[in-house]
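Dear colleague,

Please find below the structure that I am handing over to you. I would be grateful if you kept it open while reading the notes that follow.

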Amino acid sequence: MKKSTWIIIAVVAVIVIWAISAYNGMVQLDESVNTAWSQVENQYQRRADLIPNLVNVVKGYASHEQQTLEGVISARAAATQIKVDVNDAESLAQYQAAQGELSQALGRLMAVAEAYPDLKANENFLQLQSQLEGTENRIATERKRFNDEAKAYNVEIRVFPKNIIASMFGFKQKAYFEADESAKSAPKVEF
């Protein structure tokens, strides 16, 4: 064989090895995004599991606050019914909106609790409130981790020449969690 033939074979081999390596790297990053998403869902599920207990404790003290209690229950039901495809920004936005509604309903429930000193002193309520606060912190942490993983993946599939491999094998950009519209403006504080 000629020397030029060996050079061509070597170049093709290097390109094939690089393409395989690039593809495998994208698969690993895709799985990292999926794993991060699973952790986000785990934390949202933890919150959803705490809510019935919290509602039951509040119900014992504030039974005439039925509208608030039903609002929390229906927001929880709506939030747990949505199935998310992390490859679909619209699906993720709907999920985020439902979780936001649940957060608002929980905020109203906590405001109701402020009106009942006996409830605020109840050990079960305090423990559930503490667990809920911890869960909200975990949710924020896992959402950030998801966004970090999605960013690493998105960068990987968009840089040249890996974007060629990504488009050949159907790798698509992942959506990010974004701040709620209400979080973009500062609340008014009046005394």
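Arg-47 is buried, with a relative accessible area of 1%. Because the cut-off for a buried residue is under 20% relative accessible area, the value of 1% places Arg-47 in that class. Please bear in mind throughout that this is a predicted model.

Arg-47 belongs to helix 1. Which residues does Arg-47 contact, leaving aside its neighbours within four places in sequence? They are Gln-99, Leu-102, Ser-103, Leu-106, Leu-132, Thr-135, Glu-136 and Ile-139.

Along the sequence, Ile-139 and Arg-47 are 92 residues apart, while in space their C-alpha atoms are 8.9 Å apart. With neighbours within four places in sequence left aside, the contacts of Ile-139 are Gln-43, Tyr-44 and Arg-47.

I turn now to the protein as a whole. It contains 6 helices and 0 strands, and its pattern along the sequence reads α-α-α-α-α-α. Its radius of gyration is 24 Å, whereas a compact globule of 191 residues would have a value near 16 Å. Taken along the principal axes, the box filled by the C-alpha atoms is roughly 90 × 35 × 25 Å.

Of the 191 residues in the protein, 33% are buried. The accessible surface amounts to about 12000 Å², and carbon and sulfur atoms account for 54% of this surface. As for charge, there are 20 positive and 23 negative side chains, and the centres of these two sets lie 10 Å apart. Among contacts between residues at least 6 apart in sequence, 77% join residues at least 24 apart.

Val-72 lies in helix 2 and is buried, with a relative accessible area of 0%. Leaving aside neighbours within four places in sequence, Val-72 is in contact with Ile-51, Val-55, Leu-102, Ala-105, Leu-106 and Leu-109. The C-alpha atoms of Val-72 and Glu-114 are separated by 16 Å, and these two residues are 42 residues apart along the chain. Phe-125, again with neighbours within four places in sequence left aside, is in contact with Leu-54, Val-57, Val-58, Met-110, Ala-113, Leu-119 and Lys-120.

Two further places deserve a look. A cis peptide bond, with omega of about 5°, joins Phe-160 and Pro-161. Most peptide bonds are trans. Where does Pro-161 lie? Pro-161 is in the loop between helix 5 and helix 6 (162–168).

Tyr-176 is in the segment after helix 6. Is Tyr-176 buried or partly exposed? With a relative accessible area of 33%, Tyr-176 is partly exposed; the reason is that this class covers the range between under 20%, which is buried, and over 50%, which is exposed. Not counting residues up to four places away in sequence, Tyr-176 touches Leu-92, Asn-147, Ala-150, Lys-151 and Asn-154. Tyr-176 and Lys-144 are 32 residues apart along the chain, and their C-alpha atoms are separated by 9.3 Å.

Yours sincerely,
A colleague

Methods
Residues numbered from 1 in each chain as written. Predicted model: local features only at pLDDT ≥ 70, side-chain atom pairs only at ≥ 80, totals over all residues. Heavy atoms only, no water. Contact = heavy atoms within 4.5 Å. Helix = DSSP H or I, 4+ residues; strand = E, 2+ residues; numbered from the N terminus. Rg over C-alpha atoms; globule rule 2.2 N^0.38 Å. Buried < 20%, exposed > 50% of the residue type's maximum accessible area, 1.4 Å probe, protein only. Areas by Shrake-Rupley, 256 points an atom, 1.4 Å probe, with all protein chains shown as cover. Lys, Arg positive; Asp, Glu negative; His and termini not counted. Charge placed at Lys NZ, Arg CZ, Asp CG, Glu CD.
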